[in-house]
Amino acid sequence: MTQSTVENPMFEFYLIRHAQASFGAENYDKLSPLGHRQAHWLGEYFQQRDIAFDAVVTGAQVRHRETAESLCGIYPSAPEISIHQGLNEFDFEAVTSAYLHTCPQQKPAASAGPRAYYQLLKNAMQAWLSGELDGGVPESWQAFEDRVAAALEFICRLGDSDASATAGAAKRRLLVVSSGGAIAVALKHILGFPGDTVIHLNMQMKNTGVSHCYSNNNAIRLSSFNNVPHLETTDRLEAVTYS
């Protein structure tokens, strides 16, 4: 699914899935200690590659902001963080709850691990996509897709020199921190694959996984997907997580 890099890119942006959140804790929406390390390591990787950012955009969730702060903390200075609600994750608790309301037999046992939860989430997302949960969730699948599209438009305005009147000076390289579902929908808009593929990609998203994109002539091209080069050393392989 990777596309070749375009020549003379207008701008580029790095879509980062947030670092490990607090799965199983009372408040999921904050980074775990490992999550902070993952983000810090990614910042070190970018700095070693001499990759700096002209702008930082995140969703409004705590795990997005904490990831950006831990990542950018490695730099002597970094741009202020801009917030766009379109990068927020969908309400997975509401989606799974609505699904279990119609399919209570699918509820995992109390002793079940993350794998059972991921299967539940996959089934719930499929039902949501198919319109089987209409009225039971605060946001339709189409509304989710639409707000992610609005976030992509915002990112393009920041990076597009022709839009400098509304966005200020054009940004050549952007850091964008979001969540797995929102990133998968963003890639759907970029690559044009069906909704079912969004669900499959969402299940594959690694914490601090990097998807690199270029934009030129009003088109966005994917250069790489879901990479974790900062974790691909023998002493960090166990730090590759999905929650």
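Start by selecting Y14, L42, Y45, F46, R49, I51, V210, H212, S224, N227 and P229, the residues that line the second largest pocket. A pocket here is an open set of points on a 1 Å grid over the protein atoms alone, where a 1.4 Å probe fits, with protein on both sides within 12 Å along at least five of seven lines; lining residues have an atom within 4 Å of a point. Now colour the elements around this pocket: helix 1 (33-48), strand 5 (210-216) and strand 6 (219-227) each give two or more residues to the lining. Helix 1 contributes the most, with three. Colour by class and you will find seven nonpolar, three polar and one charged residues in the lining. The space in the pocket comes to about 160 Å³, a volume filled by probe spheres set on the grid points.

Before moving on, a word about what is on your screen. This is a predicted model, in which local features need pLDDT of at least 70 and side-chain atom pairs count only at pLDDT 80 or more, while totals for chains, interfaces and linings use all residues. Residues are numbered from 1 along each chain as its sequence is written, and side-chain values use heavy atoms, with hydrogens and water left out.

Next, zoom out to the whole protein chain. You can trace eight helices and six strands (DSSP runs numbered from the N terminus: helices are H or I of at least four residues, strands are E of at least two). From the N terminus, their order is β-α-β-α-β-α-α-α-α-β-α-α-β-β. Along the principal axes, the C-alpha atoms fill a box of roughly 55 × 40 × 30 Å. Of the 243 residues, 53% are buried, meaning under 20% relative accessible area with a 1.4 Å probe, protein chains only.

Switch to confidence colouring, where pLDDT is the predictor's confidence in each residue, from 0 to 100. The chain averages 90, and 90% of the residues score at least 70. Where pLDDT is low, the predicted coordinates should not be read in detail.

For a last stop, select A143 in helix 5 (residues 141-159). A143 is partly exposed, at 30% relative accessible area.

Definitions and conventions
Ala, Val, Leu, Ile, Met, Phe, Trp, Tyr, Cys and Pro count as nonpolar, Asp, Glu, Lys and Arg as charged, and the others, Gly among them, as polar. Buried means under 20% relative accessible area, exposed over 50%, partly exposed in between (1.4 Å probe, protein chains only).
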